Structure formats: structure tokens, C-alpha cells
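Work through the exercises below with the coordinates loaded. Each task is followed by a solution in steps.

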Amino acid sequence: MSAESLAHHLARRMMVEGPMTVASFMAEALGHPRWGYYTAHDPFGAAGDFITAPDISQMFGELIGLWAADTWQRLGMPEHLRLIELGPGRGTLMSDALRAASALPPFRDALSVHFVETSPVLRRRQAQALAGQRFTGGGPHWHDRLEDVPDGPAIVVANEFFDALPIRQVQKTPHGWKERLVDLDPASTPDAPRFRFVLDLVGSPGAALVPAGLENAPAGSVFESSPASLAVARVLGARLAAQGGAALIIDYGHDLGPAVGETLQAVRRHAYAPVLDDPGEADITAHVDFESLAEAAAETGAVAFGPVEQGEWLSRLGIGQRAAVLKRTATPKQAADIDTALQRLIGADQMGTLFKVLALTCPGLEAPAGFDPVPPT
């Protein structure tokens, strides 16, 4: 390992400051300005570390584009609309969505496109994906934060965005809840620093993250919370409530509300990897708590619909019919690939049930396409 690496940077920091929270470690591993995973890598696709739904099939982005056009109509067809994507990867989803949205020229003419993306590597890929595209509001435009996107009615898409936001972990011990930290392993060497999980046995301020109802969880239980995710949900909800619009959140996770269970994981070269090994070289994610996201957005005035399992949502939007249309002009090999992609997206043993879809809207908007008409109480 080079002397100039994120692992060495973290080791020096821990020697001075002591152990860091899991959230701090995750934030550095993914977003360090020089060595962070997303800063320095293009992790998407078969040549990267993982494949997302837009990489599997054009149908995914196309249906999102049609969903956005339909939602714009439900919003009263505002003359100017911000189409925002959080964590847009290579820009594949947006490219496919805009191609499908061209079926409704007035919607296409109303758009200005905005990417919330901090990675210089991925910004370049996104620019390539949308090269030649022209929008009434110019762009595409890039921003470091959702708060930096100009005011106005908006449709926001977040596909596999929230799972990469930092989490904190607390663990139940015989002496109560203690925050899990990351520390330098004393067995490591200066040339090859290694890290380990430890418990904060002194203050453990993270114990305050544990909600009522989980106090009696058995010893060894782990509770995860993502204050960063809830903060983004509140910003998003407040914007929609005040300025109009809707958001679509698609990710893997659960809709049970706060629950114990450890989901922190790392993926490298399409396989699971130890979370603390080689920081900056693997993707680190955790399951999304959709109920908590919905509640955080509702606190600021937005209305939540769902979540709905991805397979059901895509089926409601007509992905089966879209696949049939594509197969009409496909070769036998292409038709088989379309069937395989469809199964990956909607299959119960693949992405269809693990991934969920949540919609947030401004008050007074009817249920968006693919969602039940009455939001959960």
C-alpha cells in the first residue's frame, strides 16, 4: 500500500484524535476529496464494483422519465421545472429518462436538469452521457448539495443515493447501549495500517439515537441510524412543501421503521469485502429505513406515498409491456437479454422485493403513478 493512501491518513488522524464514529469513517472512505471511493473511482457497470438498475436495462430509466412527465402534468404543468437527480452515477438513468420524456415535448421544454454530485470523475461521465442535450433552463447544472439547486417546482430522483449516506451504529451490551467506533488496530504497522471496531465505553452519546421501544433488545443487538439521510429528507420535504413538486426515492432497505440489525456492508469487484479493509477502495453502504425517511420528510410538510416494492412499482408502470415492445424488433439473443434484465429488476428473488420505492410530494397532489391513492397513516 502506498504511503500516500486514505488508510495512512485515517491512521494518523486516529493517533491524534482517537477512534472515530462509523459515520465519520464511512464519510471519509466514500467522500475524502483526494482518496474517497466516489471521488477517485467510476465504480459503476461490469468493469466497476457493482451494477445498478439503470445499467441493467434502459427500461428502468425510461419508466422514470415517463413517471416524471406524468407527475409534471399532475402538478399543473408548471412552465419551468427543475429535474434533479441525487447521486446520478454515470448519467445513464437521466439519459434514458430524457429520451422517454421526449414523447411529451411540452414537458421536455419546461426542464432544467440538475445533478447533485461531488465526484469530479462522475461529473465528467455525466456530462458525456448528456452531451448534445439542450434544455430551456440550460445545463445540465452540477451542485454539491440539494440546497444549492435554484428555487422552483422540482421533480427529484434518488436511485441508490440514501444507502451510501453515513450511518452511526450502537450496540447493546450488559451495561446498556454503546456506540460502535473505528480504531487503529494495535497489531497493524505504519506501512500497512489496519482498523478494527471498538465500543465507546465512556460517553457513548450515540446511545441517544436508539428510539423508544428498542430499550429491551437483547445484548449484542446493533442499531443503525443515519442522521445524514434524515437531514436530506427534511431538506427535500421542506422544498417540496414550499415550492411544489415530487420526489422518487429508490433503494434497498426495509419499511419496518427503526429496528435492530446490522446491514453495513462493503462491495468490491462485484463481491462483498470486509468493511474496514482498504478504505477508499470499496463501496460502503447500509440498508435504508424508508419509514424514518418518510417521517422526516413529513415533519417539514411533504406527503409520503409508499414505499412499494420495486417489482410491483415497475409492473404497475408497465415494464412488462415495454419489454414486449422492445422484443418485437430484437434478435433472439437480444430478446433473451431483455427477459433476463426484466427478471433482475422485478424478480422476487432479485431486486424486485429488496428494493423499495418511496414518493414524496407537495401537499394536495394526488397519488403519483404506481402508488396507492391513500398514503399510509
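Predicted model: local features only at pLDDT ≥ 70, side-chain atom pairs only at ≥ 80, totals over all residues.

**Exercise 1.** Determine which residues of helix 12 are buried and how they are arranged about its axis.

Solution. 
- Step 1. Take buried as under 20% relative accessible area and exposed as over 50%.
- Step 2. In helix 12, residues 319-328, the buried residues are Ile319, Ala323 and Leu326.
- Step 3. Viewed down the helix axis, these buried residues fall within an arc of 65°, so they line one face of helix 12.
- Step 4. Gln321 and Arg328 are exposed on the other side of helix 12.
- Step 5. The cover over the buried residues of helix 12 includes helix 5 (58-74), helix 11 (310-317) and helix 13 (332-346).

**Exercise 2.** Describe the side-chain directions in strand 9 and find its pairing with strand 6.

Solution. 
- Step 1. From strand 9 (residues 222-225), Val222 and Glu224 point one way, while Phe223 and Ser225 point the other way.
- Step 2. All of these residues are buried, Glu224 included.
- Step 3. Strand 9 pairs with strand 6 (residues 168-173) in the antiparallel sense, over four bridges.
- Step 4. Within this pairing, Phe223 of strand 9 has Val170 opposite.

**Exercise 3.** Characterise the largest pocket by volume and lining.

Solution. 
- Step 1. The volume of the largest pocket is about 880 Å³.
- Step 2. Its lining has 41 residues, and Gly87, Val116, Thr118, Phe161 and Leu165 lie nearest the centre.
- Step 3. Elements that each supply at least two lining residues include helix 2 (22-31), strand 2 (81-86) and helix 9 (227-243).
- Step 4. By class, the lining comprises 21 nonpolar, ten polar and ten charged residues.

How values were computed
Residues numbered from 1 in each chain as written. Heavy atoms only, no water. Buried < 20%, exposed > 50% of the residue type's maximum accessible area, 1.4 Å probe, protein only. Arc of directions from axis to C-beta. Contact = heavy atoms within 4.5 Å. Pairing = 2+ DSSP bridges. 1 Å grid on protein atoms, 1.4 Å probe; cavity = no way out; pocket = protein on both sides within 12 Å on 5 of 7 lines; lining within 4 Å. Points joined across faces, edges and corners; volume = space filled by probe spheres on them. Nonpolar A, V, L, I, M, F, W, Y, C, P; charged D, E, K, R; others polar.
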